[in-house]
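Take a look at the structure below. Keep it in view as you read.

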Amino acid sequence: MSGTEFLEKYYGNYDEDGRLRSRHGMVEFLTTMRYIEKYLRPGMRILEIGAGTGRYSHALAQMGYAVDAVELIEHNIEIFRRNTLPGEQITVRQGNALELADFPDGTYDMTLLLGPMYHLYTAEDQHRALAEALRVTKSGGLLYTAYCNNDATIIGFAFLRQGIRDPHFAPLIDPVTFRATSNPEDIFQMYRREDVDRLMEAFPVQRLHYIGTDMTTNFFREAVDSWDDELFSLYMQYHFSVCERSDMTGITHHMLDICRKA
């Protein structure tokens, strides 16, 4: 199968729309939205590339912003359209993060690249997706890029779930550095902070924030899902207090890099 076919199969059988609505998934959503709202200004135009089922696009459209969205997987687009409410200034079209020819240079004040880097397996494709996202962003505009973290996966999947003993996955984990390698059939590409730094060195940007959007939440998701509102609120206060600390972000499951285009 092609890379797109692997993704179509995965997302056709996975509740992506519900993932960010669970209590543990809300940690990532609320953190990302907190940092989006920090820089929102009236009249901003927003593009979300790899919008999935539209959780972020719809939230922003419901706040009164004009949002354009691009998504590769038709199944996700169908859900995106079903979730669109009357009055939302929102568009969605099928497209690939590697080729945004339909979008002119310097159009958007804020560009969200919250999914595509999860599924790009070569440095060339990763660079191309970032280049396209920045191309369509205005000078002085903001780029939000999300990544999956290598080491949270090593701990959670390789050891807690003992995936390191699986004959398929074991060869994908370096026995010295424990860096994971992914292929299209494995769905998710993993990164470390130094990988993100190396990618962004090629672009004229200023980093504003580097954030662990869920930190260790997924290691005890069942407990998080069982908490009452008071305990969850206290946890979010703690999470927000540590999510940018450099001694903490190395263990997060999802990372968010926020940069301003020169």
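## The model

This is a predicted model. Every value below was computed from it.

## Helix 3

Start with helix 3, which covers residues 23–39. It has 17 residues. From its first C-alpha to its last, helix 3 reaches 25 Å. That is close to the 24 Å expected at 1.5 Å a residue.

Is helix 3 enclosed or open? Twelve of its 17 residues are buried, so helix 3 is largely enclosed by the rest of the structure. The buried residues are His 24, Gly 25, Met 26, Val 27, Glu 28, Phe 29, Thr 31, Thr 32, Met 33, Tyr 35, Ile 36 and Tyr 39.

## Helix 3 against helix 10

Helix 10 spans residues 229–242. Helix 3 packs against helix 10 at an angle of about 45°. Their axes are 11 Å apart. An angle between 35 and 65 degrees counts as oblique, and helix 3 and helix 10 are therefore oblique to each other. Their crossing is right-handed.

Which residues make the contact? Helix 3 supplies Arg 23, Met 26, Val 27, Leu 30, Thr 31 and Arg 34. Helix 10 supplies Asp 229, Phe 232, Tyr 235, Met 236, His 239 and Phe 240. Sorted by class, this contact has seven nonpolar, two polar and three charged residues.

## Helix 3 against helix 4

Helix 4 runs over residues 55–62. Helix 3 and helix 4 pack at an angle of about 45°, and their axes lie 12 Å apart. That angle makes helix 3 oblique to helix 4. This crossing is right-handed.

On the helix 3 side, the contact involves Met 26, Glu 28, Phe 29, Thr 32, Met 33 and Ile 36. On the helix 4 side, it involves Arg 55, Tyr 56, Ala 59 and Leu 60. By class, the contact of helix 3 with helix 4 has seven nonpolar, one polar and two charged residues.

Look for Met 26 on your display. Met 26 takes part in the contact with helix 10, and Met 26 also meets helix 4.

Thr 31 sits in helix 3. Is Thr 31 buried or exposed? Its relative accessible area is 0%, so Thr 31 is buried. Leaving out residues up to four places away in sequence, Thr 31 touches Met 26, Ile 211, Gly 212, Thr 213, Met 236, His 239, Phe 240 and Cys 243. Among these, Met 236, His 239 and Phe 240 belong to the helix 10 side of the helix contact.

Tyr 108 is in strand 4, which covers residues 108–113. With a relative accessible area of 2%, Tyr 108 is buried. Not counting residues up to four places away in sequence, Tyr 108 touches Arg 45, Ile 46, Leu 47, Asp 68, Phe 103, Val 136, Thr 137 and Lys 138.

Helix 2 spans residues 16–19 and holds Asp 17. Gly 18 lies in helix 2 too. Asp 17 is buried, with a relative accessible area of 16%. Gly 18 is partly exposed, with a value of 23%. The cut-off explains the two labels, because buried means under 20%.

Asp 17 and Gly 52 are 35 residues apart along the chain, and their C-alpha atoms are separated by 7.9 Å. Setting aside neighbours within four places in sequence, Asp 17 is in contact with Thr 53, Ile 79 and Asn 83. For Gly 18 and Arg 55, 37 residues apart along the chain, the C-alpha separation is 9.3 Å.

## A loop with positive phi

Now turn to the loop between helix 7 (150–160) and strand 6 (190–191), where Gln 162 is placed. Phe 178 lies in that loop as well. Phi of Gln 162 is near 60°, a positive value in a residue other than glycine. Phi of Phe 178 is also near 60°.

How accessible is Gln 162? At 43% relative accessibility, Gln 162 counts as partly exposed. Phe 178 is partly exposed too, with a relative accessible area of 29%.

Methods: Residues numbered from 1 in each chain as written. Predicted model: local features only at pLDDT ≥ 70, side-chain atom pairs only at ≥ 80, totals over all residues. Heavy atoms only, no water. Helix = DSSP H or I, 4+ residues; strand = E, 2+ residues; numbered from the N terminus. Expected span 1.5 Å × (residues − 1). Buried < 20%, exposed > 50% of the residue type's maximum accessible area, 1.4 Å probe, protein only. Axes fitted to C-alpha atoms, helices over the stretch in contact; angles between N-to-C directions. Parallel < 35°, antiparallel > 145°, perpendicular 65-115°, else oblique. Left-handed = near helix turned anticlockwise from the far one by under 90°. Contact = heavy atoms within 4.5 Å. Nonpolar A, V, L, I, M, F, W, Y, C, P; charged D, E, K, R; others polar.
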